[in-house]
Amino acid sequence: MKLISMPGRLLLPTSIIATAACTPGPMPLANLAPVPHAYVIEIDASRSTEAKVTLAFATAPSSIYPARDGDGGGVVDVRCEDGREALQKDGRWRVPTGCRRLEWTIAVDDLDATGIDADLPSAAYSRRHGFLVLPERDGLLRAGNDGGSATVRLINMDGSIVAREYAFPSINQPPFYAVVGTQPSQNYESNGFALRIFGNALPYMWMDEIHQHVLSTWSRWSRDLVSGPAPSKIDWAWVRPVEDAEPGYSASAGAEAIISQIVLRDGDPDAEAKARVVIATSAAHEGFHLITGAAGQAWPAWVNESLANHFAITAAREFLASEDHRWLNAYYVDPEVRAPLLESQALYSAGDGGQAQVFYTWGARFWREIEKVLTNQPNGSGRLAALIRETNNFADIDLNDADALADLLDQHSDDRASPIVQCFLRGLSCPTVIAE
Ligand SMILES: [Zn+2]
């Protein structure tokens, strides 16, 4: 294999940290009666520029909409199974009366020829590596907020079939991302938790160590952080970047898959260490979303992103050699974007996605400070993990209410949490050690 040159610099965490899974958008519709979705998605390797979708409903909906964050751009020829056409109007498709099974076609990109953006992936097939990437936002339609099931079938050139069954996520879980392939380039398993790698990861010894590290971390988190359902299988696809992609690492994740890429630049003696740090930390961050998101928790973004980075940084610090810690600090710890977390949450909810930087940095620092004062019994992932598990993902707390969170944390910290909560969430009376 040809030796790969490494990047001159990596982008700062703005683009290091995934966006697609981090910002589930609202459905553009009022609350509908439950309409469970059952998808069958099929792609034939001999005609790999399109995939066929069949969607069955428990009850016939009147209209169907692009899935989360999608615009339905790649969706073609939506029909009832009896041939009646579903007409598109005002961003929705009107379902023919009484129709309980719809079919349509998805346009699929050629991953080997054009590449895709791992931050915002489109449906794409790699003939060279034999796998399909399919995020719900590009190609799927949904009739409401409920989950269901999905089967993705890949028919190979020789006629053999690879199929993968998924629970289709509801609106409060990470979005549906499918990665289905003939042959993973690597397979890992730990405590009943499987990781499959598709495509070409970087050809360094430490990539294998990172894969094993994140798998054992995820396995531990699914034991220590959630009391509800958690995925048992994660597919991680390395995809070719688009032609003019900026140097750096980018990734995004859905319910059971991570999609990532790295764009290399010559000339930086620290490039390999930087790549190692960013890949290890970012993968752990994405896995955190997958594992905690499957339980259907309804955390606001400030909690979801700050906890993901806090736990990812903690795990990376244990895994990485001490000489790599300077890059962990440089990318994830030192660049603090300080603002009261609840104010940032309000701006974020109003559409300012840039506020996520506050959650990644100042939010992660908040949980670091909280970990220092907690007095509850820790589990294998610490005291905060034990508290999250015991409180069923903070289910009974309004996490946008600083006083409510302070009350809960005070009960497990000899009343030492309140000043930290008021400082970080509301910008009030910060203890001097934090304000410095
Ligand atoms: Zn995230």
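**Exercise 1. State which domains the protein is assigned, and how far apart their centres lie.**

The domain assignment, which is an automatic or database one, gives domain 1 (13-298) and domain 2 (303-435). Taken over C-alpha atoms, the centres of domain 1 and domain 2 are separated by 28 Å. Before going further, note that this is a predicted model, in which local features need pLDDT of at least 70 and side-chain atom pairs count only at pLDDT 80 or more, while totals for chains, interfaces and linings use all residues. Residues are numbered from 1 along each chain as its sequence is written.

**Exercise 2. Describe the side of domain 1 that touches domain 2, by elements and by residue class.**

Begin with the contact itself, where two residues are in contact if their C-beta atoms, placed from the backbone, lie within 7 Å: 29 residues of domain 1 are in contact with 27 residues of domain 2. At least two residues each are supplied by α1 (13-16), α3 (205-224) and α4 (271-293), and the largest share, 12 residues, comes from α4. Finally, sort this side of domain 1 by class, which gives 14 nonpolar, 10 polar and 5 charged residues; here Ala, Val, Leu, Ile, Met, Phe, Trp, Tyr, Cys and Pro count as nonpolar, Asp, Glu, Lys and Arg as charged, and the others, Gly among them, as polar.

**Exercise 3. Check whether the span of α4 agrees with its number of residues, and say how many of its residues are buried.**

The expected span of a helix is 1.5 Å times one less than its number of residues. The 23 residues of α4 should therefore span 33 Å, and the end C-alpha atoms of α4 are 32 Å apart, which agrees. For burial, a residue is buried if 20 or more other C-beta atoms lie within 10 Å of its own, exposed if 12 or fewer, and partly exposed in between, with C-beta atoms placed from the backbone. By this count α4 is mostly covered, since 20 of its 23 residues are buried.

**Exercise 4. Describe how helix α5 and helix α8 cross, and which residues meet there.**

Two packed helices are described by the angle between their axes and the distance between the axes. The axes of α5 (residues 301-319) and α8 (residues 356-373) come within 7 Å and cross at roughly 60 degrees, where axes are lines fitted to C-alpha atoms, for helices over the stretch in contact, and angles run from 0 to 180 degrees between N-to-C directions. On the α5 side, the residues that meet α8 include Trp 302, Glu 305, His 310 and Ile 313, and among their counterparts in α8 are Phe 359, Tyr 360, Trp 367 and Arg 368. By class, this contact has 10 nonpolar, 4 polar and 2 charged residues. Glu 305, which lies in α5, counts as buried because it has 28 C-beta neighbours inside 10 Å.

**Exercise 5. Decide whether Asn 392 and Asn 393 are buried or partly exposed.**

Asn 392 is placed in the loop between α9 (383-390) and α10 (402-410), and Asn 393 is also found in the loop between α9 and α10. Phi is near 50 degrees for Asn 392 and near 60 degrees for Asn 393, in each case a positive value in a residue other than glycine. Asn 392 has 13 C-beta neighbours inside 10 Å and therefore counts as partly exposed, whereas Asn 393, with 21 such neighbours, counts as buried.

Definitions and conventions: Helices (H or I, at least four residues) and strands (E, at least two) are DSSP runs, numbered from the N terminus.
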